[in-house]
Amino acid sequence: MDLSSLTAIDVHTHVEQDGHGCFALDQELLDASEKYFRAGQDRTPTVTAIAEHYRARNMAAVVFTVEAPAATGHPALSSEEIADAAAEHADVLIPFGSVDPHAGKAAVLRARRLVTEHGVRGFKFHPSLQAFEPNDVRYYPLYEAIAELGVPALFHTGQTGIGAGLPGGHGIKLRYSNPMLLDDVAADFPDLTIILAHPSVPWQDEAISVATHKANVYIDLSGWSPKYFPPQLVRAANTLLKRKVLFGSDFPVITPDRWLADFAELEIKDEVRPLILKDNAIQVLRLA
(Lines give C-alpha, C1' and ligand atoms only; values in the text may rest on other atoms or scores of the structure.)
Protein backbone atom coordinates (compact mmCIF):
# COMPACT_ATOMS: atom_id res chain seq x y z
CA MET A 1 0.00 0.00 0.00
CA ASP A 2 1.48 3.31 -1.12
CA LEU A 3 0.44 5.55 1.76
CA SER A 4 1.91 8.70 0.23
CA SER A 5 -0.35 8.45 -2.82
CA LEU A 6 -3.60 7.95 -0.87
CA THR A 7 -5.90 10.92 -0.34
CA ALA A 8 -7.71 9.32 2.62
CA ILE A 9 -8.19 6.14 4.66
CA ASP A 10 -11.77 5.15 5.46
CA VAL A 11 -11.65 3.11 8.67
CA HIS A 12 -15.26 1.91 8.57
CA THR A 13 -16.77 -0.01 5.64
CA HIS A 14 -19.00 -3.08 5.62
CA VAL A 15 -18.80 -6.17 3.47
CA GLU A 16 -22.48 -7.11 3.09
CA GLN A 17 -22.25 -10.00 0.61
CA ASP A 18 -19.79 -12.84 0.14
CA GLY A 19 -18.73 -14.64 -3.01
CA HIS A 20 -21.51 -17.19 -2.56
CA GLY A 21 -24.39 -14.68 -2.63
CA CYS A 22 -24.96 -14.79 1.15
CA PHE A 23 -25.78 -11.54 2.99
CA ALA A 24 -24.48 -10.24 6.32
CA LEU A 25 -27.99 -9.42 7.60
CA ASP A 26 -31.44 -10.83 7.06
CA GLN A 27 -33.62 -9.07 4.49
CA GLU A 28 -35.79 -7.27 7.04
CA LEU A 29 -32.75 -5.65 8.66
CA LEU A 30 -31.21 -4.80 5.29
CA ASP A 31 -34.41 -3.11 4.16
CA ALA A 32 -34.79 -1.21 7.42
CA SER A 33 -31.24 0.15 7.38
CA GLU A 34 -31.53 1.14 3.72
CA LYS A 35 -34.67 3.12 4.58
CA TYR A 36 -33.06 4.66 7.66
CA PHE A 37 -30.00 5.87 5.78
CA ARG A 38 -31.90 6.63 2.55
CA ALA A 39 -29.18 4.70 0.77
CA GLY A 40 -29.77 4.58 -2.95
CA GLN A 41 -26.56 2.80 -3.98
CA ASP A 42 -25.73 -0.92 -3.92
CA ARG A 43 -26.58 -1.99 -0.36
CA THR A 44 -24.71 -5.30 -0.45
CA PRO A 45 -21.22 -4.81 -1.92
CA THR A 46 -18.65 -7.59 -2.04
CA VAL A 47 -14.97 -7.20 -1.16
CA THR A 48 -14.11 -6.78 -4.83
CA ALA A 49 -16.77 -4.11 -5.32
CA ILE A 50 -15.47 -2.15 -2.32
CA ALA A 51 -11.91 -2.37 -3.63
CA GLU A 52 -12.96 -1.03 -7.01
CA HIS A 53 -14.96 1.79 -5.40
CA TYR A 54 -12.04 2.99 -3.29
CA ARG A 55 -9.32 2.41 -5.88
CA ALA A 56 -11.20 4.69 -8.26
CA ARG A 57 -11.05 7.41 -5.58
CA ASN A 58 -7.41 6.86 -4.64
CA MET A 59 -8.41 5.92 -1.10
CA ALA A 60 -7.91 2.93 1.17
CA ALA A 61 -10.60 1.30 3.28
CA VAL A 62 -10.89 -0.95 6.31
CA VAL A 63 -13.34 -3.75 5.49
CA PHE A 64 -15.23 -6.05 7.84
CA THR A 65 -18.43 -7.86 8.64
CA VAL A 66 -20.15 -8.33 12.02
CA GLU A 67 -20.52 -11.89 13.26
CA ALA A 68 -23.61 -12.20 15.45
CA PRO A 69 -25.24 -15.62 15.00
CA ALA A 70 -25.81 -16.18 18.73
CA ALA A 71 -27.91 -13.01 18.97
CA THR A 72 -29.57 -12.91 15.55
CA GLY A 73 -29.72 -16.53 14.40
CA HIS A 74 -28.44 -15.34 11.02
CA PRO A 75 -25.39 -17.13 9.56
CA ALA A 76 -22.33 -14.88 9.53
CA LEU A 77 -20.13 -14.07 6.58
CA SER A 78 -16.67 -15.57 6.89
CA SER A 79 -14.01 -13.18 8.18
CA GLU A 80 -11.44 -15.61 6.85
CA GLU A 81 -12.83 -15.28 3.32
CA ILE A 82 -13.06 -11.52 3.64
CA ALA A 83 -9.44 -11.26 4.79
CA ASP A 84 -8.19 -13.57 2.05
CA ALA A 85 -10.15 -11.65 -0.58
CA ALA A 86 -8.87 -8.34 0.76
CA ALA A 87 -5.31 -9.62 0.40
CA GLU A 88 -5.90 -9.65 -3.36
CA HIS A 89 -6.53 -5.90 -3.14
CA ALA A 90 -3.82 -5.00 -0.65
CA ASP A 91 -3.21 -1.70 -2.43
CA VAL A 92 -6.51 -0.33 -1.09
CA LEU A 93 -8.04 -2.73 1.48
CA ILE A 94 -7.21 -3.36 5.14
CA PRO A 95 -9.10 -6.37 6.58
CA PHE A 96 -10.60 -6.48 10.06
CA GLY A 97 -12.06 -9.65 11.51
CA SER A 98 -15.19 -10.30 13.53
CA VAL A 99 -15.85 -13.01 16.09
CA ASP A 100 -18.97 -13.65 18.12
CA PRO A 101 -18.09 -12.82 21.76
CA HIS A 102 -20.60 -15.43 22.93
CA ALA A 103 -18.36 -18.15 21.45
CA GLY A 104 -16.05 -17.93 24.47
CA LYS A 105 -12.72 -19.76 24.14
CA ALA A 106 -13.47 -20.55 20.50
CA ALA A 107 -13.68 -16.80 19.78
CA VAL A 108 -10.27 -16.25 21.40
CA LEU A 109 -8.63 -19.02 19.38
CA ARG A 110 -10.27 -17.83 16.18
CA ALA A 111 -9.18 -14.24 16.76
CA ARG A 112 -5.60 -15.42 17.04
CA ARG A 113 -5.85 -17.44 13.82
CA LEU A 114 -7.43 -14.55 11.96
CA VAL A 115 -4.40 -12.40 12.70
CA THR A 116 -1.62 -14.97 12.41
CA GLU A 117 -2.98 -16.98 9.47
CA HIS A 118 -5.16 -14.49 7.55
CA GLY A 119 -3.48 -11.15 8.12
CA VAL A 120 -6.36 -9.43 9.90
CA ARG A 121 -5.35 -5.95 11.14
CA GLY A 122 -8.07 -5.39 13.75
CA PHE A 123 -11.51 -6.51 14.98
CA LYS A 124 -15.02 -5.10 14.70
CA PHE A 125 -17.66 -5.48 17.43
CA HIS A 126 -21.26 -4.31 17.49
CA PRO A 127 -22.49 -4.71 21.09
CA SER A 128 -26.14 -3.96 20.25
CA LEU A 129 -26.34 -6.34 17.30
CA GLN A 130 -24.23 -8.98 19.06
CA ALA A 131 -26.22 -8.50 22.30
CA PHE A 132 -23.40 -8.26 24.80
CA GLU A 133 -22.22 -5.83 27.45
CA PRO A 134 -18.62 -5.14 26.43
CA ASN A 135 -17.42 -4.57 30.00
CA ASP A 136 -18.59 -8.00 31.17
CA VAL A 137 -15.48 -9.83 32.39
CA ARG A 138 -16.57 -12.93 30.50
CA TYR A 139 -15.20 -11.25 27.38
CA TYR A 140 -11.91 -10.15 28.90
CA PRO A 141 -9.91 -13.15 27.59
CA LEU A 142 -10.87 -12.03 24.08
CA TYR A 143 -9.64 -8.48 24.69
CA GLU A 144 -6.46 -9.82 26.25
CA ALA A 145 -5.76 -11.83 23.11
CA ILE A 146 -6.44 -8.87 20.81
CA ALA A 147 -4.16 -6.66 22.89
CA GLU A 148 -1.41 -9.28 22.74
CA LEU A 149 -1.83 -9.47 18.97
CA GLY A 150 -1.22 -5.72 18.78
CA VAL A 151 -4.27 -4.83 16.69
CA PRO A 152 -7.15 -2.43 17.46
CA ALA A 153 -10.72 -3.25 18.42
CA LEU A 154 -13.43 -1.10 16.84
CA PHE A 155 -16.75 -0.98 18.71
CA HIS A 156 -20.05 0.36 17.45
CA THR A 157 -21.33 3.03 19.84
CA GLY A 158 -24.55 5.02 20.13
CA GLN A 159 -27.67 4.84 17.98
CA THR A 160 -27.81 2.18 15.28
CA GLY A 161 -29.62 2.15 11.96
CA ILE A 162 -29.85 -1.64 12.16
CA GLY A 163 -33.38 -2.44 13.27
CA ALA A 164 -34.39 1.23 13.25
CA GLY A 165 -38.11 1.75 12.67
CA LEU A 166 -39.02 -1.91 13.21
CA PRO A 167 -41.28 -3.11 16.04
CA GLY A 168 -39.12 -3.31 19.13
CA GLY A 169 -36.13 -2.38 16.97
CA HIS A 170 -36.00 -6.06 15.94
CA GLY A 171 -35.05 -6.83 19.55
CA ILE A 172 -31.79 -4.84 19.30
CA LYS A 173 -30.96 -2.97 22.53
CA LEU A 174 -29.17 0.37 22.34
CA ARG A 175 -27.85 0.33 25.91
CA TYR A 176 -25.15 -2.18 25.01
CA SER A 177 -23.54 0.52 22.86
CA ASN A 178 -23.06 3.15 25.54
CA PRO A 179 -19.38 4.18 25.27
CA MET A 180 -19.08 4.34 29.06
CA LEU A 181 -19.07 0.55 29.06
CA LEU A 182 -15.88 0.74 27.02
CA ASP A 183 -14.27 3.07 29.53
CA ASP A 184 -14.01 0.02 31.79
CA VAL A 185 -12.38 -1.98 29.01
CA ALA A 186 -9.94 0.81 28.16
CA ALA A 187 -8.95 1.13 31.82
CA ASP A 188 -8.50 -2.60 32.32
CA PHE A 189 -6.61 -3.10 29.03
CA PRO A 190 -4.36 -0.06 28.58
CA ASP A 191 -2.45 -1.82 25.79
CA LEU A 192 -5.61 -2.40 23.76
CA THR A 193 -6.31 0.27 21.14
CA ILE A 194 -10.05 0.96 21.11
CA ILE A 195 -11.93 2.86 18.42
CA LEU A 196 -15.38 4.19 19.31
CA ALA A 197 -17.32 4.03 16.06
CA HIS A 198 -19.69 6.84 15.09
CA PRO A 199 -20.89 9.98 16.78
CA SER A 200 -22.13 8.26 19.94
CA VAL A 201 -25.53 9.94 20.17
CA PRO A 202 -27.18 10.02 22.71
CA TRP A 203 -23.88 9.61 24.57
CA GLN A 204 -21.65 11.99 22.64
CA ASP A 205 -20.27 13.77 25.70
CA GLU A 206 -19.43 10.42 27.28
CA ALA A 207 -17.49 9.34 24.19
CA ILE A 208 -15.52 12.59 24.13
CA SER A 209 -14.71 12.17 27.82
CA VAL A 210 -13.50 8.61 27.37
CA ALA A 211 -11.35 9.48 24.35
CA THR A 212 -9.91 12.48 26.21
CA HIS A 213 -9.16 10.53 29.38
CA LYS A 214 -7.86 7.28 27.91
CA ALA A 215 -4.76 7.45 25.70
CA ASN A 216 -5.73 4.18 24.02
CA VAL A 217 -9.20 5.33 22.86
CA TYR A 218 -10.03 6.95 19.51
CA ILE A 219 -13.24 7.99 17.70
CA ASP A 220 -14.25 7.33 14.12
CA LEU A 221 -16.73 9.66 12.44
CA SER A 222 -18.69 7.11 10.41
CA GLY A 223 -22.42 6.57 10.14
CA TRP A 224 -23.42 10.24 10.05
CA SER A 225 -23.12 12.94 7.43
CA PRO A 226 -20.71 15.53 8.86
CA LYS A 227 -23.34 18.22 8.53
CA TYR A 228 -25.26 16.49 11.34
CA PHE A 229 -22.31 16.06 13.72
CA PRO A 230 -23.02 17.26 17.27
CA PRO A 231 -21.27 20.61 17.76
CA GLN A 232 -19.26 19.40 20.74
CA LEU A 233 -17.79 16.63 18.56
CA VAL A 234 -16.69 19.17 15.95
CA ARG A 235 -15.07 21.32 18.64
CA ALA A 236 -13.24 18.34 20.12
CA ALA A 237 -12.07 17.13 16.71
CA ASN A 238 -10.68 20.59 16.01
CA THR A 239 -8.80 20.86 19.30
CA LEU A 240 -8.03 18.40 22.07
CA LEU A 241 -8.93 15.30 20.02
CA LYS A 242 -7.42 16.35 16.70
CA ARG A 243 -5.01 13.40 16.76
CA LYS A 244 -7.63 10.91 17.98
CA VAL A 245 -10.42 11.30 15.40
CA LEU A 246 -10.62 9.20 12.23
CA PHE A 247 -12.42 9.41 8.90
CA GLY A 248 -15.00 6.67 8.48
CA SER A 249 -18.00 6.61 6.15
CA ASP A 250 -20.03 3.48 7.03
CA PHE A 251 -20.06 2.48 3.36
CA PRO A 252 -22.28 1.29 1.74
CA VAL A 253 -25.04 3.11 3.67
CA ILE A 254 -23.06 6.35 3.42
CA THR A 255 -20.64 6.75 0.52
CA PRO A 256 -17.23 8.39 0.91
CA ASP A 257 -18.27 10.88 -1.78
CA ARG A 258 -21.24 12.07 0.27
CA TRP A 259 -19.27 12.10 3.52
CA LEU A 260 -16.31 14.02 2.09
CA ALA A 261 -18.53 16.56 0.33
CA ASP A 262 -20.21 17.40 3.63
CA PHE A 263 -16.91 17.28 5.52
CA ALA A 264 -15.54 19.93 3.16
CA GLU A 265 -18.23 22.30 4.43
CA LEU A 266 -17.49 21.58 8.10
CA GLU A 267 -15.54 24.18 10.10
CA ILE A 268 -12.42 22.11 10.56
CA LYS A 269 -8.98 23.74 10.68
CA ASP A 270 -6.84 23.25 7.60
CA GLU A 271 -4.06 21.64 9.62
CA VAL A 272 -6.51 19.20 11.22
CA ARG A 273 -8.13 17.90 8.03
CA PRO A 274 -5.21 15.69 6.91
CA LEU A 275 -4.96 14.25 10.42
CA ILE A 276 -8.59 13.13 10.33
CA LEU A 277 -8.58 11.96 6.72
CA LYS A 278 -5.39 9.91 6.78
CA ASP A 279 -2.58 10.57 9.23
CA ASN A 280 -4.36 9.47 12.41
CA ALA A 281 -5.43 6.20 10.76
CA ILE A 282 -1.85 5.45 9.73
CA GLN A 283 -0.85 5.67 13.38
CA VAL A 284 -3.79 3.75 14.84
CA LEU A 285 -3.62 0.96 12.27
CA ARG A 286 0.19 0.82 12.47
CA LEU A 287 0.55 1.09 8.72
CA ALA A 288 3.93 2.80 8.87
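How many aromatic pairs does the structure hold? The structure holds 13. Rings of Phe, Tyr and Trp (its six-membered ring) pair if their centres lie within 6.5 Å; planes under 30 degrees apart count as stacked, over 60 as edge-to-face and the rest as tilted. The model is predicted: local features need pLDDT of at least 70, side-chain atom pairs count only at pLDDT 80 or more, and totals for chains, interfaces and linings use all residues. Residues are numbered from 1 along each chain as its sequence is written, and side-chain values use heavy atoms, with hydrogens and water left out.

Helices (H or I, at least four residues) and strands (E, at least two) are DSSP runs, numbered from the N terminus. Phe125 is buried, with a relative accessible area of 1%. Tyr143 is also buried, at 1% relative accessibility. Buried means under 20% relative accessible area, exposed over 50%, and partly exposed in between (1.4 Å probe, protein chains only).

A further pair is formed by Tyr140 and Phe189. Here the ring centres lie 4.8 Å apart with planes at 80°, so this pair is edge-to-face. It too connects distant parts of the chain, 49 residues apart: Tyr140 is in helix α7, and Phe189 is in the loop between α8 (180–188) and β6 (194–197). Both Tyr140 and Phe189 are buried. Ring pairs gather Phe125, Phe132, Tyr139, Tyr140, Tyr143, Phe155 and Phe189 into a cluster.

Charged groups also meet rings. Lys244 lies over the face of Tyr218, at 5.3 Å from the ring centre. The charged end of Arg273 sits over the ring of Phe263, 4.8 Å from its centre. The criterion is NZ of Lys or CZ of Arg within 6 Å of the ring centre and within 35 degrees of the ring normal.

Strand β4 pairs with β5 in the parallel sense, over 3 bridges. Two strands pair if DSSP finds at least two bridges between them. Phe125 has Phe155 as its bridge partner in β5. Strands β5 and β6 run parallel and are joined by 4 bridges. Leu196 in β6 is the bridge partner of Phe155. From β5 the chain crosses through α8 to β6, and this β-α-β crossover is right-handed. That is, with the strands pointing away from the viewer, the path from the first strand over the helix to the second runs clockwise. Strand β5 (residues 153–156) is covered on both faces. Ala153 and Phe155 are buried on one side, Leu154 and His156 on the other.

The largest nonpolar core has 67 residues. Such a core is a set of buried Ala, Val, Leu, Ile, Met, Phe, Trp, Tyr and Cys residues joined through side-chain atoms within 4.5 Å. Leu93, Phe123, Phe125, Tyr143, Leu192 and Ile276 touch the most other members. Helix α7 gives the most to this core, with 7 residues. A second, separate core of 19 residues includes Ala60, Leu154, Ala281 and Ile282.

His12 lies in strand β1 (residues 8–14). His12 is buried, at 0% relative accessibility. Beyond residues up to four places away in sequence, its contacts (heavy atoms within 4.5 Å) include Lys124, Leu154, His198, Asp220 and Asp250.
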